[in-house]
Amino acid sequence: MWLNGGRGSVATTAITGLLALRAGLASPTGCVSELLDAPLPPWGAFTVGGHDITATPLVKRAESLTRDGVLPPDLVATLSDDLAAVDAEILPGYQPGDFSGSQAEAAARLAADIAAFRARHELARVVVVNVASTEPLASVSQGSLEELEEALRVPGQVVLPPSSLVAYAAFQAGCAFVDFTPSTGVALPALDELALGKGLPYAGRDGKTGETLLRAALAPMFTSRALRVLSWAGTNLLGGGDGSTLADPEHAKSKSVSKARGLAALLGEDVSAPLHIDYVPDLGERKTAWDHVSFEGFLGARMSLQLTWSGLDSSLAAPLVLDLARLLAAAHSAGRVGVQAELGFFFKDPLGSDEHRLAEQAQALREWARSLR
């Protein structure tokens with residue numbers, strides 16, 4: 001498992017959790033893959049590396065997450081040597097402003113890092129998971145793979161946002177890819193062309209962990225009972241690194257677009273759905289979402305539903321990252337190619353699928369997992 005953003009909160013929680021599972025120090029609570037009838041690699045089969053643009057050691061990040069209540073007390077001390085060993089496998093990532101050559105050269109360096117990791121540890125395959133910070137919405141020309149690669153070779157020209165360059169490098173290294181963020185990432189025709197040409201599976205986009213998970217379960221209730229939703233307003237209060245990133249309106253726009261698209265698909269029509277994302281530093285890793293749903297019933301009766309979801313975002317996301325690494329490894333082993341739409345269960349904005357209803361997504365996932373046999 002190669003994590004782009006390997007020292008972030010989600011990655012650190014996933015790594016610590018994987019080490020704890022491997023050592024028998026934790027149960028796989030929250031890991032959906034444990035419920036599936038599929039030939040999945042065991043937790044002990046995974047070796048972890050990654051890229052990141054920060055240098056804060058994993059142990060320090062894990063200690064911070066312990067103070068925020070994400071990781072159990074004493075677990076970091078028990079796993080400190082293992083965390084240090086993983087930290088040694090996390091290499092400098094890509095930042096456009098710090099690189100003077102072409103993006104083709106930058107991608108080649110990222111791909112070489114992954115290939116060397118795979119060879120050094122004698123791995124059967126590597127799954128690259130993008131868990132880096134959310135990027136602003138990017139405009140990328142929708143050309144062919146040939147046109148993209150020609151543009152990437154021009155020195156100093158920024159053709160792809162970092163998330164998409166990471167996906168390109170992963171495919172060039174022969175790796176399956178998971179996009180856990182709402183960034184542009186792998187959602188480009190040229191990158192789909194590359195994945196198909198290399199015979200690689202991928203999945204995304206934007207991990208579904210909190211408010212959108214609730215919407216995916218509750219919105220079908222209204223449509224199945226012929227109740228008309230008039231508006232669905234939401235407020236998200238975030239601390240930590242995710243909150244700090246989304247305090248920038250340009251970064252928040254990617255998240256808002258992802259959420260709104262899913263709600264419209266669930267309800268079958270566009271509804272008023274204002275969403276506010278506010279950064280509240282003292283919340284730390286805790287995320288609180290408040291929703292107000294206004295709906296119309298028989299004879300025009302106006303009613304409402306209000307709900308509050310409070311959770312630790314990294315604790316909700318990390319087991320899904322581990323699930324997706326297992327599932328894409330199994331898909332790669334089984335010869336699956338291209339976007340794996342049935343993994344849309346895990347995402348707000350599922351690639352390759354217009355299905356957003358949670359129950360239907362869960363059924364599709366179970367059938368897909370069985371088919372790997």
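Modeller: Please note that the model is predicted.

Biologist: Which strands form the open sheet, and in what order?

Modeller: The order is S8-S7-S9-S10, four strands with mixed pairing.

Biologist: What makes S8 and S10 edge strands?

Modeller: Pairing requires at least two bridges between two strands. Strand S8 (275-279) and strand S10 (302-312) each pair on one side only, and are therefore edge strands.

Biologist: How do you know that S7 and S8 pair?

Modeller: Five bridges join strand S7 (residues 228-238) to S8, and the cut-off is at least two, so the two strands count as paired. They run parallel.

Biologist: Why are the buried residues of H6 said to line one face of the helix?

Modeller: In helix H6 (residues 145-152), Leu145, Leu148, Glu149, Ala151 and Leu152 are buried. Seen down the axis of H6, these fall within an arc of 160°, so they line one face. The face turned away from the buried side carries Glu146 and Glu150, which are called exposed because that term requires over 50% relative accessible area.

Biologist: What covers the buried residues of H6?

Modeller: The cover includes helix H5 (103-120), helix H7 (162-172) and helix H8 (189-198).

Definitions and conventions. Residues numbered from 1 in each chain as written. Predicted model: local features only at pLDDT ≥ 70, side-chain atom pairs only at ≥ 80, totals over all residues. Heavy atoms only, no water. Buried < 20%, exposed > 50% of the residue type's maximum accessible area, 1.4 Å probe, protein only. Arc of directions from axis to C-beta. Contact = heavy atoms within 4.5 Å.
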